[in-house]
Structures are given as C-alpha cells and as structure tokens.
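Let's take a friendly walk through this structure, one region at a time. Please have the viewer ready.

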Amino acid sequence: KVYYTALTIYLLEFVNKYLPSLQNTLDYVKIQPEKAGRRGYAGHHSIVLNVKEGMDYKQFFEVLTHELGHVVDL
C-alpha cells in the first residue's frame, strides 16, 4: 500500500505541474484492498482504487490514469 501511495503522489505531482486546472478539482485519492467488482471508480472530486494483491505498477497506473480521465471528463 505504501508503494502504491508513493506512485499516486508521483502522479498527482505530475498532474499539478502539467494540468494545474485539476489542482482545485481532485480532493483525494483513496487506495484500499480490492473489493468485488471494479478496480477503481471516480467521481467529480475523488478517486477510489481497489488494489488487489500482486497488482504490478503498470496495472496500477493504468487504473489510476483511467479513473483520472473520468475526473477530467466530469
């Protein structure tokens, strides 16, 4: 969980630097153990990631990027 939190911070720093309009939009990113169903979901101001054990960083970034796209779209 610490590793994925660090990756999330890295991505959010990138977003803040290159997409400053999102700074005031995204309130939080929550990382939790995987639950049945979705790997992640996003609302207007938040992202929740359901991380399964053994998920590699590539899959993690794919889900995080996908959910970030929903925030941008909303």
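Is Phe-60 buried or exposed? Phe-60 is buried, at a relative accessible area of 1%; buried means under 20%, exposed over 50% and partly exposed in between, with a 1.4 Å probe and protein chains only. Before going on, note that this is a predicted model, where local features need pLDDT of at least 70, side-chain atom pairs count only at pLDDT 80 or more, and totals for chains, interfaces and linings use all residues. Residues are numbered from 1 along each chain as its sequence is written, and side-chain values use heavy atoms, leaving out hydrogens and water.

The structure holds one aromatic pair. Its members are Phe-60 and Phe-61, with ring centres 6.0 Å apart and planes at 65 degrees, so the pair is edge-to-face (rings of Phe, Tyr and Trp, the latter by its six-membered ring, pair if their centres lie within 6.5 Å; planes under 30 degrees apart are stacked, over 60 edge-to-face, the rest tilted).

Now turn to strand β3, residues 46-51 (strands are DSSP runs of E, at least two residues; helices are runs of H or I, at least four; both are numbered from the N terminus). Ser-46 belongs to strand β3 and is buried at 17%. Beyond its neighbours within four places in sequence, Ser-46 is in contact with Leu-26, Tyr-28, Tyr-41 and Val-71, contact being heavy atoms within 4.5 Å. Asn-50 also lies in this strand and is buried, with 4% relative accessibility.

Finally, visit helix α1, residues 2-18, where Phe-14 is found. Phe-14 is partly exposed, with a relative accessible area of 43%.
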